[in-house]
Amino acid sequence: MNVLTRNIAQNLFKYNSAGLIQGAVRTFCAAALDGKEIEKLVNNNKVVIFMKGNPDAPRCGFSNAVVQILRMHSVKYDSHDVLQNESLRQGIKDFSNWPTIPQVFINGEFVGGCDILLQMHQNGELIDELKKAGIESALAKESEK
């Protein structure tokens, strides 16, 4: 077995001490969730995020940044951990036609990922977008004082 083949095999299969395959440890394909199922999740709350991990334990820096931004605004939101469900992970990418996670939806509309939410937060557009959804940002309340 050449080095490349060995590396691929080691990443795909679990070997016992004798070097024999014990069983596959990865799934190669998962059917994406149906668009209607994703739409229900997106419309279940005014703000919905699809992220890696959960708000109490984000599993990537971008997801953590989105959580922190929403915390600063004191926004209540639904979150969905795409690492727990590969069909959700692929389904949300197909639904939004956006390749990366996290994904933020406000009032059922796709807003963007971490970079877009951060930009909106920095230039004040996020406060306006939340207001359109009937959500008053805690930062807006502070600036009025």
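Is H80 buried or exposed? H80 is buried, at a relative accessible area of 16%. Buried means under 20% relative accessible area, exposed means over 50%, and partly exposed lies in between (1.4 Å probe, protein chains only).

The model is predicted: local features need pLDDT of at least 70, side-chain atom pairs count only at pLDDT 80 or more, and totals for chains, interfaces and linings use all residues. Residues are numbered from 1 along each chain as its sequence is written, and side-chain values use heavy atoms, without hydrogens and water.

**View 1. The whole chain.** The protein chain holds 7 helices and 8 strands. Helices (H or I, at least four residues) and strands (E, at least two) are DSSP runs, numbered from the N terminus. Of the 145 residues, 32% are buried. Among contacts with a separation of 6 or more, 55% join residues 24 or more positions apart. Contact means heavy atoms within 4.5 Å.

**View 2. H80 and its surroundings.** H80 sits in strand β6, residues 78-81. Neighbours within four places in sequence are left aside here. H80 then touches L41, V48, I49, F50, M51 and L88.

**View 3. Helix α2 against helix α4.** Helix α2 spans residues 35-42 and helix α4 spans residues 86-96. Their axes come within 10 Å and cross at roughly 85 degrees. That makes α2 roughly perpendicular to α4. From α2, the contact uses G35, I38, E39, L41 and V42. From α4, it uses L88, G91, I92 and F95. These residues divide into 6 nonpolar, 2 polar and 1 charged. Axes are lines fitted to C-alpha atoms, for helices over the stretch in contact, and angles run from 0 to 180 degrees between N-to-C directions. Angles under 35 degrees count as roughly parallel, over 145 as roughly antiparallel, 65 to 115 as roughly perpendicular and the rest as oblique.

**View 4. Helix α3 against helix α5.** Helix α3 (residues 61-72) packs on helix α5 (residues 114-123) at an angle of about 30 degrees, with the axes 9 Å apart. The two are therefore roughly parallel. On the α3 side stand F62, A65, V66, I69, L70 and M72. They meet C114, L117, L118 and H121 of α5. The contact residues comprise 9 nonpolar, 1 polar and no charged. Ala, Val, Leu, Ile, Met, Phe, Trp, Tyr, Cys and Pro count as nonpolar, Asp, Glu, Lys and Arg as charged, and the others, Gly among them, as polar.

**View 5. N123 and E125.** N123 belongs to helix α5. N123 is partly exposed, at 42% relative accessibility. A polar atom of the N123 side chain lies 2.9 Å from the backbone nitrogen of E125.

Methods:
A polar contact is a pair of N or O atoms within 3.5 Å; within protein, one must be able to donate a hydrogen and the other to accept it, and residues adjacent in sequence count only if both atoms are side-chain atoms.
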